[in-house]
Amino acid sequence: MVNKLSRKLLDPLVEQPLDIQGFEQPRALLNRIPEDLTPLLDLVQRPVVSATQFNRQQLLQLARLASRYETQPQLTVRPLTGKIMISAFYEPSTRTRLSFESAWHRLGGDIMSITDPASTGIAKGESLHDIGEMLNHYGDLVVLRESNENAVYEMLETLRIPIVNGGNGTDEHPTQAMADIYALLKWRPALCDPEIDTGERIRLAIIGVPGQMRTVRSLLILMSQFAPAFEEVVIITDETSPFAEGQREELEKAGLRFRVTGDMNAELPTLDVVYINTIAWVGDDYKELGTRYRLDGSSPLKPGAVILHPLARGSELARELDTTAHNWYFAQARGAVFMRMALLSTILKTFA
Amino acid sequence: MVNKLSRKLLDPLVEQPLDIQGFEQPRALLNRIPEDLTPLLDLVQRPVVSATQFNRQQLLQLARLASRYETQPQLTVRPLTGKIMISAFYEPSTRTRLSFESAWHRLGGDIMSITDPASTGIAKGESLHDIGEMLNHYGDLVVLRESNENAVYEMLETLRIPIVNGGNGTDEHPTQAMADIYALLKWRPALCDPEIDTGERIRLAIIGVPGQMRTVRSLLILMSQFAPAFEEVVIITDETSPFAEGQREELEKAGLRFRVTGDMNAELPTLDVVYINTIAWVGDDYKELGTRYRLDGSSPLKPGAVILHPLARGSELARELDTTAHNWYFAQARGAVFMRMALLSTILKTFA
Amino acid sequence: MVNKLSRKLLDPLVEQPLDIQGFEQPRALLNRIPEDLTPLLDLVQRPVVSATQFNRQQLLQLARLASRYETQPQLTVRPLTGKIMISAFYEPSTRTRLSFESAWHRLGGDIMSITDPASTGIAKGESLHDIGEMLNHYGDLVVLRESNENAVYEMLETLRIPIVNGGNGTDEHPTQAMADIYALLKWRPALCDPEIDTGERIRLAIIGVPGQMRTVRSLLILMSQFAPAFEEVVIITDETSPFAEGQREELEKAGLRFRVTGDMNAELPTLDVVYINTIAWVGDDYKELGTRYRLDGSSPLKPGAVILHPLARGSELARELDTTAHNWYFAQARGAVFMRMALLSTILKTFA
């Protein structure tokens, strides 16, 4: 048995050479954004269902707050002590659930989880209206993940406590998009600036299907608040109609410039950021789309370019990239907890 | 996507016109009951299995304590900090589980949940005696829901920490009954008075089957402690033998006056309180009884009459009643958390 | 219903005549071991995967710390406030999970549980490497139970926070073995002494299969740190090859003296300690081994001899022994929480 023990058991933990978790980055971001909590007051006690609810100033202040939590965790004084989150994940998820729960716990709050639909009132045929009314009395905030995209809206009709959408079917996943934006801003704090020189604009590609992936849908909505920062958004896909009806038009009106192509390798050498995702919620189950696209050590990535991925990943993102400077998806995952802390403490008005 | 956002997302939350959650009622109840904690001392560190364990004075003081928690939540100083509840729901339930867990969390305690029978020692064939012995060392109080009505008694043989019955098969559900009594007292504080004028007595109906519904069984036991307050208890059912053997005789000996009828609409115009429930635990599964009875906006309810329902509901209680003054079932559900806080803090002797 | 209420409901809880939970024993142990926290410093922030990681001095100091927690629970000041345990039990278990969670809660920490493999990223095909990387950001320590014995080693490759092995397939269960050693030391504190007189050495039997039972495997490794205390270790089994390859040789090199026999009753009259277990993890499921061995009231146990059992038990250990002085398995189960508190507070360096 002894021979199975790796040296991690016997030696002190070894530091990794590259800062792929982004431990060092959030301080620069914190310094870049002047503090102004006023825009956040509009989010106090409000439900968060869609990325469309956020404006640029709110996103910047949330990112600033997240970077404060990330750089100075010892300053957080458990402001949510005595507050209860109801963590209702009717659709399977560990990553998003733990990220929310970790954020809430780090703020000092208590949690009641509902992870098994079979153990819920739904098994007795209880309506979402009634479940919403019930939850009003049991907690201070609800996080809901449901494969039926209308569930969050139905529950909203009877809820008087805030609800946060943790992914509703194929529709939206706004807090994932917030984590993505935070990862972008940490990587390149200059994107925060109101005026961006043409030379500082970045080229970002999304390998995925905006019309069918909720993470991509929400991310594009938030990116439209930073439209001047993007020289071009390249959608890399095999689908002939990657957008939902009206989606592209709406985003273009907000200032994003799109190009759709199927040839990934032709684009990679000129891209600053590559966002890749293959999991989509189609009908009533997960489905993988665009699996012929794969990033690995031989991909012609531009030096300095970073990869983002909402995770969990399949074969589309090779592990050999993990130890390269292109890996910004670990920093993105790490930051998700702090961005959710920022959002949750804002909704509960305990950010100050 | 924007057009799906209801105005709740964009405007401040709108107050509802009627106080159907009973926010304003508990203060009157608090003032009506003189404080006397002595009767509660007999409940300290005791198991709570049956509604028969409670006397009138204990119920009044628990209701008083509940109303104090409901009206002055900010005064609760997390007296259960460091105490662990083991929340063992072997039978599916979200409503009761969350109500107990919310109560415990609001008192400051920690919780370990067992929601999946397949993940427990029971899967290895462990006896309830051994599970009880084990739990002694892991927590400070157990809440158990089990479809086998004897389980709570078996576990009791080895438990040295208190257990609270969260529903045992078709037998009893004492804390639901306590929540029901609290709802009644909040609605009409005069029911607390030792002497009640004939004119103040109320007429209450139960649409359900006392012999087969644990919530109804426990409620009638508690109501018998307030027998003078009830002019008559009308059992509305199609069943020819709605009582269990000896049940009616025992309750009548305690002072309740019963009448059984199948004609709901003939009774409604003269009833002050209508308690409706259709879910019964029969054999080893839920079953709906008496589904031909249905309350809706066209039901000939007496003005000022209130409806109680343990929830979750099916079609027997129309949602159109939710926004009427007959709706007291939301106040009942809300109060359940505070009544459980009162009971739990009493058992742990942290009520003072 | 009243007649079903046992006198436990109506009378104060009755003390049991024998101290079979060992309430009185840990004080003697606490006094026997001189405090020296230095050996524990090597465990700070380290993963705990195998019993081979511990030396005698560490085990003694952990036992001392456990006895301090057991005798002076009121002195614990919730040192893990703000720390998060991720309790990942992919293989069904209540006993071990609750024991870990209770230990963590009693130290003041928060917990996120993963009990349902179907609800995890594994369902999306996420690798253990990626899950490990993810957990780094969500908590401060992971407890993992997995039926695949390699899972803990795979996760270890990406984890930067400590992991504790809560049972990995047929391989090891080091914290159960630590609880077993604590039970032995509490029962006979003289076993702690560096020099043991021949007359004080004990005869211990294991009814079980060292090569196939992870609890037995880990226990024997820890016992080898106390080899001079054991006159002989008798393995009672029907299996012709009860040891794994090399296992017996390694343990004998460390000083344990073995004898293997199939005749339990011939051994019982001369044994001081009888450790019995029939559950083994074989292939991908639990299996009972050696079920023809059974201890009951008629077993020819030596006066003063004690029985240990990791629990949960089947028919191999009769309940009639529970109320005899041979019952030390309840004390063993009780002590497991305190031993885990000792280990967890050591890893988080909050023991002082």
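## Two domains in chain A

Chain A is divided into domain 1, which covers residues 26–173 together with 335–347, and domain 2, which covers residues 176–333. The structure described here is a predicted model, and every value below should be read with that in mind. The C-alpha centres of domain 1 of chain A and domain 2 of chain A lie 24 Å apart, and 27 residues of domain 1 of chain A are in contact with 29 residues of domain 2 of chain A.

On the side of domain 1 of chain A that touches domain 2 of chain A, helix 2 (26–32), helix 3 (56–71) and helix 11 (329–347) of chain A each supply at least two residues. Helix 3 of chain A provides the largest share of that side, with 6 residues. Sorted by class, the side of domain 1 of chain A that touches domain 2 of chain A has 14 nonpolar, 8 polar and 5 charged residues.

## Chain A as a whole

Chain A contains 11 helices and 11 strands. The radius of gyration of chain A is 20 Å, close to the 20 Å that the globule rule gives for 352 residues, so chain A is as compact as a globular protein of that length. Taken along the principal axes, the C-alpha atoms of chain A fill a box of roughly 55 × 55 × 50 Å.

Of the 352 residues of chain A, 55% count as buried. Among the contacts in chain A with a separation of 6 or more, 77% are accounted for by residues 24 or more positions apart.

## A covered helix

Helix 5 of chain A, spanning residues 128–138, is mostly covered, with 9 of its 11 residues buried. The buried residues of helix 5 of chain A include A:Leu128, A:Ile131, A:Met134 and A:Leu135, and also A:Asp130, A:Glu133 and A:His137.

Within chain A, the buried residues of helix 5 pack against strand 1 (84–89), strand 2 (110–114), strand 3 (141–146) and helix 6 (151–156). The buried residues of helix 5 of chain A also pack against parts of chain B, namely helix 5 (95–106) and helix 12 (329–347) of chain B.

## Two open sheets in chain B

In chain B, 4 strands form an open sheet in the order 2-1-3-4, with parallel pairing. Strand 2 (110–114) and strand 4 (163–168) of chain B stand at the edges of this sheet, each with a single partner strand, so one side of each is left without a neighbour in the sheet. From one strand to the next, the twist averages 15 degrees. Strand 1 (residues 84–89) of chain B and strand 3 (residues 141–146) of chain B run parallel and are joined by 5 bridges, and B:Met85 stands opposite B:Leu141 in strand 3 of chain B. Another chain also takes part here, as helix 4 (residues 95–106) of chain C packs on the sheet and touches strand 1 and strand 2 of chain B. The direction of helix 4 of chain C makes about 170 degrees with that of strand 2 of chain B.

A further open sheet in chain B has 5 strands in the order 7-6-5-8-11, and the pairing is parallel. Strand 7 (258–261) and strand 11 (306–308) of chain B stand at the edges, each with a single partner strand, so one side of each is left without a neighbour in the sheet. Neighbouring strands of this sheet are turned by 20 degrees against each other on average, direction ignored. Strand 6 (residues 230–236) of chain B pairs with strand 7 of chain B in the parallel sense over 4 bridges, and the bridge partner of B:Ile236 in strand 7 of chain B is B:Thr261.

In chain A, the peptide bond from A:Leu311 to A:Ala312 is cis, with omega near 0 degrees. Phi of A:Leu311 is near 55 degrees, a positive value in a residue other than glycine.

In chain C, the peptide bond from C:Leu311 to C:Ala312 is cis, with omega near 0 degrees, and C:Ala312 lies in the loop between strand 11 (306–308) and helix 11 (329–347) of chain C. In chain B, B:Leu311 has a positive phi of about 55 degrees although it is not a glycine. B:Leu311 is found in the loop between strand 11 and helix 12 of chain B, and it counts as buried, with 23 C-beta neighbours inside 10 Å.

Methods
Residues numbered from 1 in each chain as written. Chains lettered and ligands numbered in written order. Predicted model: local features only at pLDDT ≥ 70, side-chain atom pairs only at ≥ 80, totals over all residues. Domains from an automatic or database assignment. Contact = placed C-beta atoms within 7 Å. Nonpolar A, V, L, I, M, F, W, Y, C, P; charged D, E, K, R; others polar. Pairing = 2+ DSSP bridges. Axes fitted to C-alpha atoms, helices over the stretch in contact; angles between N-to-C directions. Buried ≥ 20, exposed ≤ 12 C-beta atoms within 10 Å, placed from the backbone. Rg over C-alpha atoms; globule rule 2.2 N^0.38 Å.
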